[in-house]
Amino acid sequence: MSKSAMPSLIRHAEAATSDGMCTSGCADLLSFLSTLTDPRRRRGIRHSIASLLAVAASAVLAGARSFTAIGEWIADASQEVLAALGIRLNARLGRRVAPDEATLRRALRSVDPDEVDRLVAAFLGARQPRPAPGTGTPPAVALDGKTVRGARIHADPGSRAPHLVSVVTHGDGIVLAQAQVDEKSNEITAVQPLLTDLDLAGVVVTADAMHTQTAFAQWLVDVKKAHYLFIVKANQPTIYEQTQDALAGLDTAFAKRSARQSNRGHGRIETRTIRVAAADGIDFPHAAQIFRLRRDRAGLDGVRTSKEIAYGITSLPRSLAGPAQLNTFTREHWTIENRLHYVRDVTWGEDASQVRTGNAPRVMAGLRNLAVSALRQAGTTNVAKALRHNARSFDRPLKLLGLNPIQTG
């Protein structure tokens with residue numbers, strides 16, 4: 001698989017295919033899950049670990065929120081569906097037997113969630129369309145974390161909820177990687193390993209102020225050959241003050257280095273005005289431009305309800321991103337919140353889920369990432385509607401995962 005403008009998880013994809021090449025027709029979930037380590041004792045195993053994960057992934061794509069719902073979904077599956085999901089033929093009975101809820105529960109609790117996330121990301125990366133290099137604005141990915149509030153890392157009542165850090169493409173919201181950290185503050189040390197296997201050459205990495213760190217910026221540009229766009233706050237007091245001073249003044253002074261965008265939706269109008277300056281004298285690795293972003297929110301009657309000002313820094317030179325492009329990057333950073341975290345919470349009820357302890361919440365979060373991303377790759381804009389659509393036919397979620405479709409004649 002050759003390098004491209006978009007992240008492609010090259011090493012993961014090559015490990016999962018025989019020759020390192022995979023077209024949209026050959027990327028199926030089972031082929032990637034076939035390398036998943038099975039932690040169970042060999043005695044008494046009836047179903048492969050890959051088939052059990054494929055069952056759960058398909059059920060989540062049909063709207064399942066719990067182990068009970070996954071078990072109910074597969075209980076009604078035909079022999080053709082079971083075969084497509086890799087369920088083995090029971091020689092004694094002469095047919096394939098669907099796994100029950102308890103079997104699925106034990107499997108999802110026992111697998112290594114880091115390994116599941118890596119294989120899911122490899123599967124999605126192999127299917128991700130890649131734009132030709134040099135066409136328009138550089139591609140971008142957003143980096144951010146989410147706490148699974150209803151879950152606990154351990155069974156004891158005082159255990160913390162798992163905090164998951166994800167990398168998501170701007171615009172379409174495809175999840176490229178995910179990792180768990182003990183606490184939100186540990187995101188800083190987790191992001192570099194999370195990005196190591198991604199091909200980020202020429203890609204813009206956007207992140208909030210927590211990740212505005214000199215070592216991280218240096219690594220992104222020097223090692224990953226990527227660009228960064230970070231928000232600057234008081235955690236970097238020197239460059240925060242320098243940025244404020246450089247971008248202070250009247251709008252007329254920045255008339256040629258500014259851009260405005262307005263969006264109407266969710267019962268409000270948001271206007272985003274950005275002013276940009278060269279990062280002259282800013283002591284931050286590879287800094288090329290700094291910016292001041294003003295967000296004005298108003299009701300549909302046009303009456304302003306709030307104003308917010310934020311500052312940022314980027315390695316992108318003006319030749320690659322002018323004010324309008326920087327404005328778009330800052331807005332689309334919130335893809336990760338609006339098109340992933342919000343969807344997992346509202347559509348699947350993640351924070352209220354009864355799947356609460358051990359590895360299971362993390363694995364289920366990974367399967368929801370897979371579902372959202374597979375639907376986005378198929379062009380879905382309304383995830384809830386798509387899940388209802390999938391729930392009416394077994395072959396629909398299977399097709400989205402590249403598994404053999406059911407022959408209906």
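Before anything else, a definition: when I say helix, I mean a run of at least four residues that DSSP assigns as H or I, and the helices are numbered from the N terminus. With that in hand, let me take you through this structure, which is a predicted model.

I will begin with confidence. The mean pLDDT of the chain is 84, and 83% of the residues reach 70 or more. Over residues 1-26, however, the pLDDT is below 50, although this stretch has 57 contacts in the model beyond its near neighbours in sequence. Residues 151-158 also stay under 50, and there the model has 23 contacts beyond four places in sequence. Where pLDDT is low, the predicted coordinates should not be read in detail.

Now to the sheet. It is an open sheet of nine strands with mixed pairing, and if you follow it across, the order is β5-β4-β3-β6-β7-β11-β10-β9-β8. Strands β5 and β8, the latter being residues 258-265, stand at the edges, and each has a single partner strand, so one side of each is left without a neighbour in the sheet. From one strand to the next, the twist averages 20°. Inside the sheet, β10, which covers residues 289-299, pairs with β11 in the antiparallel sense over 10 bridges, and Gln289 stands opposite Thr314 in β11.

Two helices that pack on this sheet deserve a look. Helix α11, residues 323-332, touches β3, β6, β7, β8, β9, β10 and β11, and its direction makes about 40° with that of β8. Helix α13 packs on the sheet as well, touching β4 and β5, with a direction that makes about 165° with that of β5.

Let us turn to helix α8, residues 187-195, whose buried residues are Glu187, Ala190, Val191, Leu194 and Leu195. Why do we place these residues on the same side of α8? The reason is that they cover an arc of only 120° around the axis. On the other side of the helix, Thr189 and Pro193 are exposed. What covers the buried residues of α8 includes the strands β3, β4 and β5, together with helix α9, residues 214-222.

Another pair, Tyr240 and Tyr311, is edge-to-face, with 5.9 Å centre to centre and 85° between the planes. This pair links distant parts of the chain, since Tyr240 is in helix α10 and Tyr311 is in strand β11, 71 residues apart. Are these two tyrosines buried or partly exposed? Tyr240 has a relative accessibility of 24% and therefore counts as partly exposed, whereas Tyr311, at 11%, counts as buried.

Finally, please find Thr380, which sits in the loop between α13 and α14. Its relative accessible area is 17%, and buried means under 20%, so Thr380 is buried. Leaving aside neighbours within four places in sequence, Thr380 is in contact with Arg339, Leu375 and Ala386.

Key:
Residues are numbered from 1 along each chain as its sequence is written. This is a predicted model: local features need pLDDT of at least 70, side-chain atom pairs count only at pLDDT 80 or more; totals for chains, interfaces and linings use all residues. Side-chain values use heavy atoms; hydrogens and water are left out. pLDDT is the predictor's confidence in each residue, from 0 to 100. Contact means heavy atoms within 4.5 Å. Buried means under 20% relative accessible area, exposed over 50%, partly exposed in between (1.4 Å probe, protein chains only). The arc is that of the directions from the helix axis to the C-beta atoms. Rings of Phe, Tyr and Trp (its six-membered ring) pair if their centres lie within 6.5 Å; planes under 30 degrees apart count as stacked, over 60 as edge-to-face and the rest as tilted. Two strands pair if DSSP finds at least two bridges between them. Axes are lines fitted to C-alpha atoms, for helices over the stretch in contact, and angles run from 0 to 180 degrees between N-to-C directions.
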